[in-house]
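Here is a short report for a reader new to this structure. Keep the model in view while reading.

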Amino acid sequence: MAAATTMTREERMATESIGKLMVSMTVPAILAQIINVLYSVIDRIYIGLMAGVGANALTGVGVTFCITMFISAFSAFISNGAAPLAAIWLGKGDREHAEKILGNSVAFLLICTAVLMVFFYAFQRPLLYMFGASDATIGYATDYLSIYLSGTLFVELALGLNAFIICQSRSKTAMISVLIGAIANIVLDPVFIFGLHMGVKGAAAATVISQGLSAAWVLAFLFGRKSSLKIRRDCMRIDFSILGSVFSLGVSPFIMSATESFISIVLNHGLQVYGGDMHVGSLTIMQSIMQLFSAPLNGFTQGLAPIVSYNYGAGNFGRVKRLYGWLIGVCFGFRFLTTATVMLFPRFYAGFFTNEAELVILTGQVMPVFMAGMLVFGLQNGIQPTFLALGQAKVSLFIAVMRKIILLIPLALILPHFIGVMGVYYAEPISDTISAATATVLFMLNIKKILSKEALSKIR
């Protein structure tokens, strides 16, 4: 009975009406992503409101995001590389191979956890100075990071494995795992920060406990009887052919996440050199706002991508076309409208993160410039996950590398030499616009060839 129910639940991705399926799969994923972003955003809001030290504390914690984003990037190998592959193999009807992908993913995340914890505990202080910390903010940065690193395993498992729940057509279950952690974080943050007078250490402790609860939920489901893909010890034996396929598809989202960390390093350093702590603080606020408005898009693509992958694996190319039409259209429209709102009312949004007038004024001045490229970036937000869902690793990788490494980092290093600190802010919209245009052209040139039996047969 359980197996039949599972089969029906998965097969609905190929048979149910697209509108009904989209709602059932994407709404829980959207809510999960919005809730998930509250982990860091709520931390920043509370930290920014700390009496007398809010600006320095916010800037210090902001510097640590270079490291925390890099840590979470390794989960992207799994959530965006392994999970789509598992969905494709489920579409092909091979559950055993999908389960091997899950087992190897767990083993990979355990190895990553050990390596990352040792490295960052050993070198955190010099790295934080390199990433933009000053003598006024380094104490807050090390206080936060030292505690956060103790929860590295929870971060990797919660973020990396939740996608395997979604690819079983169980978006609501996946949403609950995020909801548990977010509610815990919202409750514990003020208790630890203000009630127990732990400051930024309290914010980090609340995050670790919250991520631990989310990870426990994910593991309980994937080990339990309701999961059609189970974590099995015999599937955790490293198979380099499987990991090779996972890495080839996951390297694009990994680079997107990991280079986000390196970009923060470059931007923070440039803002510190040409501006100062206040400019670094403005970046923390703007990245928080971008993260907040990216959450619904991430949830929408995360919920819809497994449906695309399953139907692609089953050879339902007509259905795939309708699905990616929705994916790209919704991403573009949502990104355009939210970005326009932020550009029109920048000080309003900045005021949520700090009560210091000087920082609000500065952020209000630079935010319309920094955000301008997001008006068209929704095209890439829809196209990139479509390529990933269709198993197209190379083109997805090129798009990721182009925006972050070829464009943004060089522009952020070069432009300030000519126009000062504003050059750091202008680098973002220039790279976003060029990258979105390139992604659109590549999609139009390649999609017809991708939707063929020949291309599908090459997926391993």
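The sections below cover a cavity, a helix and some aromatic rings.

## A cavity inside the model

This is a predicted model. A search of the whole structure finds 2 cavities of 30 Å³ or more.

Which helix provides the largest share of the lining? That is α11, with 4 residues. Sorted by class, the lining of the second largest cavity has 6 nonpolar, 2 polar and 1 charged residues.

## Helix α14

Helix α14 covers residues 374-389.

Is α14 mostly enclosed or open? Of its 16 residues, 13 are buried, so the rest of the structure largely encloses this helix. Glycine 391 follows α14, and its phi is positive, near 75°.

## Aromatic pairs

The count of aromatic pairs comes to 14. One of them joins tyrosine 144 and tyrosine 148. Their ring centres are 6.1 Å apart and their planes meet at 15°. Planes under 30 degrees apart count as stacked, so this pair is stacked. The two tyrosines sit 4 residues apart in helix α5 (residues 138-148), a separation of about one helical turn. An α-helix has 3.6 residues a turn, so residues three or four places apart point the same way. Both tyrosine 144 and tyrosine 148 are buried.

Phenylalanine 370 and tyrosine 425 form another kind of pair, an edge-to-face one. Here the centres are 6.5 Å apart, with 85° between the planes. Phenylalanine 370 belongs to helix α13 (residues 357-371), while tyrosine 425 belongs to helix α17 (residues 422-450). The pair therefore ties together parts that are 55 residues apart in sequence. Phenylalanine 370 and tyrosine 425 are both buried.

## An aromatic cluster

Which residues form one aromatic cluster? They are Phe70, Phe74, Phe119, Phe120 and Phe123.

Terms used. Residues are numbered from 1 along each chain as its sequence is written. This is a predicted model: local features need pLDDT of at least 70, side-chain atom pairs count only at pLDDT 80 or more; totals for chains, interfaces and linings use all residues. Side-chain values use heavy atoms; hydrogens and water are left out. On a 1 Å grid over the protein atoms alone, a cavity is a set of points where a 1.4 Å probe fits but cannot get out, and a pocket is an open set with protein on both sides within 12 Å along at least five of seven lines; lining residues have an atom within 4 Å of a point. Grid points are joined across faces, edges and corners, and a volume is the space filled by probe spheres set on the points. Ala, Val, Leu, Ile, Met, Phe, Trp, Tyr, Cys and Pro count as nonpolar, Asp, Glu, Lys and Arg as charged, and the others, Gly among them, as polar. The expected span of a helix is 1.5 Å times one less than its number of residues. Buried means under 20% relative accessible area, exposed over 50%, partly exposed in between (1.4 Å probe, protein chains only). Rings of Phe, Tyr and Trp (its six-membered ring) pair if their centres lie within 6.5 Å; planes under 30 degrees apart count as stacked, over 60 as edge-to-face and the rest as tilted.
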